[in-house]
Amino acid sequence: MKGSDLLQFSLDNLRRTRLRTFLTTLGVIIGIGALVAMVSFGTGMQRNITEAFTANDLFTTIRVLPVRMDIEQVMAGNLDGAMSGMQKRTRALNDTAIALIAAMPEVAVVFPEITFPVKIRFGGQEASTTLRSVPVAMGGYTPYDRMGWGGFFSSDSAAEVILSYGILSRFKLTLDGEEEQARTDSSRVWRRVKADSLIGAEVEVITSVLDLGRMMSGGLAAAGQPSFTEHVTRLRVAGIRPRPHAFSNEQVQGGIVVPLLTGKRMPRFAFNNMWSLLSRGGRPTGSYEALYVRLNRLQDLPAIRKRLQELNFSVFALADQLEEIKRGFLMVDTALGAVGTIALVVAALGIINTMVMSILERTREIGVMKAVGASERQIRTIFFFEAGCIGLMGGMLGVLLGWLVSRLANWIANLWTLRQGGGVGGDIEFFYLPPWLIGGAILFAVGVSLAAGYYPATRAARVNPVEALRHD
């Protein structure tokens, strides 16, 4: 028999038992569908988080800190062990350190990390957010190289501000042309405005300043007010950031961004992050709380980290945890895939049952084929073809089922997110079906089907032709 004849003979046998073949194939379809839907959820979450980190430029940046901290202890949740090095100070983070790091060829931009909480006042309303200061040179790098509306700063000392997309929601504003979402709440109605009308508008940035006179007089003023006064800085809106990635955190990029020198000049309370609060003994005069270093390439990270550590700098890079993050997602994907595989194992038992029943029904037919010269190998191949066809059809339709289930689940999840006030309803792709998952699922279905068909095929090949011809 030729290969085409064996295939045609196998397909004819499957057609003769359509109902049984359909039910067996349905088991494979459900198994592969469950497997694809679950694994695509794990790959979708991994893709979303990785893209969010990339969009926020977290893999090509490092932080130079004023104290030593065991990052591995932090990731393991052992804060006591992580904080044990807080008293071990490193090289001073001053302008000299910035010049030293900037001279390294692997470094694209380095600047002091100035981030602190503020209130902003616009259109008679106030909202709390985080301010971040960056140099104008960052306008050429992710995530500041693409503005939604307007442009980047004109200089490092300009009285300008860039608003994040999320800030607009704090003032119940939505831009023309943007997707409509929930626009009302219990207090006021959302207002639709043109982006051009916001560019150039004045925003008041309010910072808190420690009032030493009030503190020295007892900590509280006669009217019961705290020992802080507010300072107002008026800035012009230069640009508005685009809608962020669904998994982006506004606090990573700063709710508002101002030029580096402008941020330095703004009066503010001295303690505004964990490094300044946890470091003991104070910092040297003129030093910074942390330095932000943007590398030219991710591949430069090992070399620049080693060099900085040799210069007695404490370095933290989120990219160091990239492999750990990938291993975590691999474990999640494995667990989700194992659940789907259980359904596929049940389908494999159905294939074995179907093939064994087929042998019992076709014993005389097998005897006739052997009597006219068919070899054991050809008999075995026929049954392998049948099992393979079930696996192939089940695999392809199972992938389609998994895709349909993931689309439905994604729609429900986005609808729920929107109703919960997530603000990104309809934007999040929780499921991702890469080509390797599609091809792998089909091959896995065929492989499981062939493995399930091994015993029936071997049993059919060993049928005694004399006894088979006597079979009634």
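Which residue forms a salt bridge with Glu204, and how far apart are the closest N and O atoms? The partner is Arg234, and the closest N and O atoms are 3.4 Å apart. Glu204 lies in strand E9 (residues 202-210) and Arg234 in strand E10, so this pair ties together parts that are 30 residues apart in sequence. Keep in mind that what you're looking at is a predicted model.

**Salt bridges**

Here's the general idea: side chains of opposite charge can pair when their charged atoms come close. In this model the count comes to 12 salt bridges.

| Glu204 | Arg234 | 3.4 Å |

Arg234 is partly exposed, with a relative accessible area of 49%.

Glu160 counts as buried, at 7% relative accessibility, while Arg236 is partly exposed at 35%.

Arg132 belongs to strand E4, and Glu113 to the loop between strand E2 (107-112) and E3, so the pair ties together parts that are 19 residues apart in sequence. Here both residues are buried.

Some salt bridges also join up. Lys119, Arg121, Glu126, Glu202, Glu204, Glu230 and Arg234 are linked in a network of salt bridges.

E3 runs antiparallel to strand E4 (residues 125-134), and nine bridges join the two. If you find Phe116, you'll see that it stands opposite Leu131 in E4. The hairpin has two residues between the strands, and Gly123 takes a positive phi near 60 degrees there.

Another positive phi turns up at Asn312, about 70 degrees, although this residue is not a glycine. Asn312 is in the loop between helix H12 (301-310) and strand E13 (314-316), and it's partly exposed, with a relative accessible area of 34%.

**Helices and a nonpolar patch**

Let's move on to helix H16, residues 435-461. Its 27 residues reach 37 Å from the first C-alpha to the last, close to the 39 Å expected at 1.5 Å a residue. Where does H16 kink? The kink, of about 40 degrees, lies at Tyr454, shortly before the proline Pro456.

Leu19, Phe22, Leu23, Leu26, Ile30, Leu401 and Val405 make a nonpolar patch of about 620 Å². Helix H2 (18-55) and helix H15 (376-419) each supply at least two of its residues, and H2 gives the most, with five. One member from H15 is Leu401. This leucine is partly exposed, with a relative accessible area of 31%, so it passes the patch cut-off of over 30%.

How values were computed:
Residues numbered from 1 in each chain as written. Predicted model: local features only at pLDDT ≥ 70, side-chain atom pairs only at ≥ 80, totals over all residues. Heavy atoms only, no water. Patch = residues over 30% accessible without salt bridge, like charges linked within 9 Å, V, L, I, M, F, W, Y side chains within 5 Å. Areas by Shrake-Rupley, 256 points an atom, 1.4 Å probe, with all protein chains shown as cover. Salt bridge = Lys/Arg side-chain N within 4 Å of Asp/Glu carboxyl O. Helix = DSSP H or I, 4+ residues; strand = E, 2+ residues; numbered from the N terminus. Buried < 20%, exposed > 50% of the residue type's maximum accessible area, 1.4 Å probe, protein only. Expected span 1.5 Å × (residues − 1). Bend = angle between axes of the 7 residues up to and from the residue. Pairing = 2+ DSSP bridges.
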